[in-house]
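Welcome! Here is a short tour for anyone meeting this structure for the very first time. Please take a look at the sequence and the model below, and then read on.

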Amino acid sequence: MVAALVRFDAQEAAIRREAERTAIRFQIEVIRDRLINALTGPLLRTRGMAAEITAHGGLSPETFEQVAQVLLRGHRNVHNIAVSRGTVISMIYPRPGNERALGVDYRTVAHQWPVVKRAIDERRPVIQGPVTLIQGGTGLVIRDPVFLPAPEGGGDHFFGIVSIVLNVEGILADAGIGADSSSLSFAVRGRDGLGAQGEVFFGPPALFADDAVVIDVPFPYGVWQVAAVPRAG
(Lines give C-alpha, C1' and ligand atoms only; values in the text may rest on other atoms or scores of the structure.)
Protein backbone atom coordinates (compact mmCIF):
# COMPACT_ATOMS: atom_id res chain seq x y z
CA MET A 1 0.00 0.00 0.00
CA VAL A 2 2.75 2.43 0.99
CA ALA A 3 4.70 1.62 -2.19
CA ALA A 4 1.61 2.30 -4.29
CA LEU A 5 1.09 5.67 -2.60
CA VAL A 6 4.74 6.58 -3.18
CA ARG A 7 4.40 5.72 -6.86
CA PHE A 8 1.19 7.72 -7.11
CA ASP A 9 2.79 10.76 -5.44
CA ALA A 10 5.78 10.51 -7.78
CA GLN A 11 3.49 10.39 -10.81
CA GLU A 12 1.52 13.38 -9.54
CA ALA A 13 4.73 15.31 -8.97
CA ALA A 14 5.95 14.47 -12.48
CA ILE A 15 2.64 15.66 -13.97
CA ARG A 16 2.79 18.93 -12.00
CA ARG A 17 6.41 19.42 -12.99
CA GLU A 18 5.67 18.89 -16.68
CA ALA A 19 2.70 21.26 -16.50
CA GLU A 20 4.92 23.91 -14.91
CA ARG A 21 7.59 23.45 -17.60
CA THR A 22 4.92 23.81 -20.30
CA ALA A 23 3.69 27.05 -18.70
CA ILE A 24 7.25 28.40 -18.50
CA ARG A 25 7.92 27.45 -22.13
CA PHE A 26 4.79 29.34 -23.20
CA GLN A 27 5.98 32.46 -21.34
CA ILE A 28 9.48 32.42 -22.82
CA GLU A 29 8.15 31.72 -26.31
CA VAL A 30 6.31 35.05 -26.02
CA ILE A 31 9.57 36.64 -24.88
CA ARG A 32 11.44 34.97 -27.75
CA ASP A 33 9.04 36.47 -30.29
CA ARG A 34 9.47 39.93 -28.75
CA LEU A 35 13.25 39.58 -28.90
CA ILE A 36 13.21 38.44 -32.53
CA ASN A 37 11.05 41.42 -33.51
CA ALA A 38 13.20 43.86 -31.53
CA LEU A 39 16.45 42.57 -33.06
CA THR A 40 15.52 41.78 -36.65
CA GLY A 41 14.22 45.14 -37.83
CA PRO A 42 17.08 47.33 -36.57
CA LEU A 43 19.81 44.87 -37.53
CA LEU A 44 18.62 44.69 -41.13
CA ARG A 45 18.78 48.48 -41.41
CA THR A 46 22.45 48.11 -42.28
CA ARG A 47 21.31 46.63 -45.61
CA GLY A 48 19.46 49.84 -46.42
CA MET A 49 22.49 52.02 -45.75
CA ALA A 50 24.78 49.66 -47.65
CA ALA A 51 22.40 49.78 -50.64
CA GLU A 52 22.51 53.59 -50.65
CA ILE A 53 26.30 53.57 -50.64
CA THR A 54 26.47 50.98 -53.42
CA ALA A 55 23.92 52.82 -55.58
CA HIS A 56 25.76 56.15 -55.35
CA GLY A 57 29.35 55.02 -54.97
CA GLY A 58 29.47 56.62 -51.52
CA LEU A 59 27.48 59.09 -49.40
CA SER A 60 27.88 62.72 -48.44
CA PRO A 61 27.50 63.52 -44.72
CA GLU A 62 24.20 65.28 -45.46
CA THR A 63 22.76 62.30 -47.34
CA PHE A 64 24.03 59.91 -44.69
CA GLU A 65 22.17 61.80 -41.96
CA GLN A 66 18.96 61.94 -43.99
CA VAL A 67 19.08 58.21 -44.73
CA ALA A 68 19.97 57.37 -41.12
CA GLN A 69 17.01 59.36 -39.78
CA VAL A 70 14.63 57.42 -42.03
CA LEU A 71 16.16 54.01 -41.31
CA LEU A 72 16.20 54.39 -37.54
CA ARG A 73 12.83 56.06 -37.10
CA GLY A 74 10.80 54.23 -34.46
CA HIS A 75 13.66 52.01 -33.26
CA ARG A 76 14.19 53.33 -29.75
CA ASN A 77 16.82 50.79 -28.71
CA VAL A 78 19.30 51.77 -31.43
CA HIS A 79 22.41 53.50 -30.04
CA ASN A 80 23.72 54.61 -33.42
CA ILE A 81 24.52 53.76 -37.01
CA ALA A 82 28.01 54.43 -38.38
CA VAL A 83 29.88 54.23 -41.69
CA SER A 84 33.62 53.83 -42.07
CA ARG A 85 35.78 54.70 -45.07
CA GLY A 86 38.11 51.80 -45.15
CA THR A 87 38.52 50.96 -41.49
CA VAL A 88 38.21 54.54 -40.15
CA ILE A 89 34.82 55.65 -38.79
CA SER A 90 33.88 58.73 -40.83
CA MET A 91 30.14 59.26 -40.14
CA ILE A 92 27.86 58.44 -37.23
CA TYR A 93 24.23 59.14 -36.36
CA PRO A 94 23.14 60.44 -33.97
CA ARG A 95 26.31 62.43 -33.44
CA PRO A 96 25.69 63.75 -29.88
CA GLY A 97 27.16 61.30 -27.39
CA ASN A 98 29.01 59.36 -30.09
CA GLU A 99 31.69 61.90 -31.04
CA ARG A 100 34.48 59.82 -29.49
CA ALA A 101 33.98 57.15 -32.14
CA LEU A 102 34.55 59.50 -35.10
CA GLY A 103 37.97 59.15 -36.68
CA VAL A 104 38.74 55.90 -34.85
CA ASP A 105 40.45 53.19 -36.90
CA TYR A 106 38.98 49.77 -36.11
CA ARG A 107 42.47 48.30 -36.46
CA THR A 108 43.46 50.12 -33.27
CA VAL A 109 40.55 48.74 -31.22
CA ALA A 110 41.88 45.38 -30.07
CA HIS A 111 38.61 43.92 -28.77
CA GLN A 112 36.65 44.84 -31.92
CA TRP A 113 39.11 44.47 -34.80
CA PRO A 114 39.10 40.64 -35.10
CA VAL A 115 35.35 40.61 -35.78
CA VAL A 116 35.57 43.61 -38.14
CA LYS A 117 38.39 41.87 -40.02
CA ARG A 118 36.35 38.68 -40.27
CA ALA A 119 33.45 40.61 -41.79
CA ILE A 120 35.80 42.08 -44.41
CA ASP A 121 37.64 38.82 -45.14
CA GLU A 122 34.44 36.76 -45.40
CA ARG A 123 32.57 39.59 -47.19
CA ARG A 124 29.45 39.09 -45.10
CA PRO A 125 27.67 40.72 -42.15
CA VAL A 126 28.68 39.50 -38.68
CA ILE A 127 27.34 40.04 -35.17
CA GLN A 128 29.52 41.21 -32.30
CA GLY A 129 28.61 41.59 -28.69
CA PRO A 130 27.40 42.60 -26.36
CA VAL A 131 30.77 44.37 -26.57
CA THR A 132 32.34 47.45 -24.98
CA LEU A 133 31.81 50.44 -27.26
CA ILE A 134 34.46 52.98 -28.22
CA GLN A 135 32.31 55.82 -26.87
CA GLY A 136 31.54 53.94 -23.64
CA GLY A 137 28.87 51.51 -22.55
CA THR A 138 28.05 48.21 -24.23
CA GLY A 139 25.99 47.23 -27.25
CA LEU A 140 25.17 44.55 -29.78
CA VAL A 141 26.80 45.45 -33.11
CA ILE A 142 26.26 44.22 -36.64
CA ARG A 143 29.14 44.86 -39.05
CA ASP A 144 28.14 44.92 -42.72
CA PRO A 145 31.05 45.28 -45.19
CA VAL A 146 30.44 47.26 -48.37
CA PHE A 147 32.24 46.50 -51.64
CA LEU A 148 31.91 48.74 -54.70
CA PRO A 149 32.48 47.76 -58.32
CA ALA A 150 35.61 49.19 -59.90
CA PRO A 151 34.79 52.13 -62.26
CA GLU A 152 36.72 50.52 -65.11
CA GLY A 153 35.03 47.15 -64.59
CA GLY A 154 36.60 44.01 -63.24
CA GLY A 155 36.70 43.15 -59.57
CA ASP A 156 35.11 45.18 -56.80
CA HIS A 157 36.96 46.93 -53.97
CA PHE A 158 36.37 47.38 -50.25
CA PHE A 159 34.63 50.68 -49.44
CA GLY A 160 34.01 50.43 -45.70
CA ILE A 161 31.78 49.07 -42.95
CA VAL A 162 28.21 49.92 -42.02
CA SER A 163 27.67 49.28 -38.30
CA ILE A 164 24.54 49.53 -36.20
CA VAL A 165 24.63 49.34 -32.40
CA LEU A 166 21.69 48.19 -30.27
CA ASN A 167 20.98 48.76 -26.60
CA VAL A 168 20.87 45.19 -25.28
CA GLU A 169 19.61 46.13 -21.82
CA GLY A 170 16.68 48.03 -23.31
CA ILE A 171 15.79 45.20 -25.67
CA LEU A 172 15.86 42.60 -22.88
CA ALA A 173 13.79 44.81 -20.58
CA ASP A 174 11.18 45.51 -23.26
CA ALA A 175 10.87 41.77 -23.88
CA GLY A 176 10.20 41.14 -20.17
CA ILE A 177 13.56 39.73 -19.13
CA GLY A 178 14.80 40.98 -15.80
CA ALA A 179 11.54 42.63 -14.76
CA ASP A 180 11.06 42.55 -10.99
CA SER A 181 7.42 41.67 -11.49
CA SER A 182 8.28 38.48 -13.40
CA SER A 183 7.76 35.14 -11.69
CA LEU A 184 10.79 33.77 -13.56
CA SER A 185 14.55 34.11 -13.28
CA PHE A 186 16.40 34.38 -16.59
CA ALA A 187 19.83 33.94 -18.10
CA VAL A 188 20.83 34.70 -21.70
CA ARG A 189 23.85 33.36 -23.58
CA GLY A 190 25.19 33.58 -27.11
CA ARG A 191 27.71 36.43 -27.12
CA ASP A 192 28.63 37.24 -30.75
CA GLY A 193 25.51 35.36 -31.86
CA LEU A 194 27.07 31.98 -31.07
CA GLY A 195 24.09 30.42 -29.27
CA ALA A 196 25.02 27.59 -26.90
CA GLN A 197 28.72 28.13 -27.71
CA GLY A 198 28.58 31.83 -26.74
CA GLU A 199 29.17 33.29 -23.29
CA VAL A 200 26.39 34.13 -20.84
CA PHE A 201 25.91 37.91 -20.85
CA PHE A 202 22.79 38.25 -18.70
CA GLY A 203 21.79 36.46 -15.51
CA PRO A 204 23.50 33.63 -13.60
CA PRO A 205 25.35 31.12 -15.82
CA ALA A 206 24.31 28.37 -13.38
CA LEU A 207 20.79 28.48 -14.81
CA PHE A 208 22.06 26.68 -17.90
CA ALA A 209 23.46 23.93 -15.69
CA ASP A 210 20.17 23.55 -13.81
CA ASP A 211 17.02 21.90 -15.10
CA ALA A 212 15.88 25.16 -16.67
CA VAL A 213 13.64 25.56 -19.71
CA VAL A 214 15.92 26.69 -22.57
CA ILE A 215 14.82 28.12 -25.90
CA ASP A 216 16.67 29.45 -28.98
CA VAL A 217 16.22 33.05 -30.15
CA PRO A 218 17.31 33.27 -33.82
CA PHE A 219 17.92 36.68 -35.39
CA PRO A 220 19.87 37.95 -38.43
CA TYR A 221 23.35 36.39 -38.48
CA GLY A 222 23.17 34.83 -35.03
CA VAL A 223 21.25 33.15 -32.22
CA TRP A 224 20.84 33.60 -28.47
CA GLN A 225 19.55 31.12 -25.89
CA VAL A 226 17.25 32.07 -23.02
CA ALA A 227 17.00 29.92 -19.87
CA ALA A 228 14.21 30.36 -17.34
CA VAL A 229 13.26 28.87 -13.97
CA PRO A 230 10.63 29.91 -11.39
CA ARG A 231 11.95 32.48 -8.93
CA ALA A 232 10.42 30.41 -6.13
CA GLY A 233 12.35 27.34 -7.26
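Pro61 is exposed, with a relative accessible area of 52%; here exposed means over 50% relative accessible area, buried means under 20%, and partly exposed is in between, using a 1.4 Å probe and protein chains only. This proline lies in helix H3. Pro61 and Ser90 are 29 residues apart in sequence, and their C-alpha atoms are 8.9 Å apart in space.

Please keep in mind that this is a predicted model, in which local features need pLDDT of at least 70 and side-chain atom pairs count only at pLDDT 80 or more, while totals for chains, interfaces and linings use all residues. Residues are numbered from 1 along each chain as its sequence is written, and side-chain values use heavy atoms, with hydrogens and water left out.

## The chain as a whole

The protein chain has five helices and nine strands. These are DSSP runs numbered from the N terminus: H or I with at least four residues for helices, E with at least two for strands. Starting at the N terminus, their order is α-α-α-β-β-α-β-β-β-α-β-β-β-β. Of the chain's 233 residues, 45% count as buried.

## Two helices side by side

How do H2 and H3 pack? Helix H2 (residues 45-56) and helix H3 (residues 61-72) meet at an angle of about 155°, with their axes 10 Å apart. The axes are lines fitted to C-alpha atoms over the stretch in contact, and angles run from 0 to 180 degrees between N-to-C directions. H2 is therefore roughly antiparallel to H3, a term for angles over 145 degrees.

On the H2 side, the contact (heavy atoms within 4.5 Å) is made by Arg45, Gly48, Met49 and Glu52, and on the H3 side by Phe64, Val67, Ala68 and Leu71.

## A strand with two faces

Now follow strand S8 (residues 213-219), where the side chains alternate.

Strand S9 (residues 222-230) runs antiparallel to S8, and seven bridges join the two; strands pair if DSSP finds at least two bridges between them. Pro218 stands opposite Val223 in S9. The two strands form a hairpin with two residues between them, and Tyr221 in the turn has a positive phi of about 70°.

Technical notes. Parallel < 35°, antiparallel > 145°, perpendicular 65-115°, else oblique.
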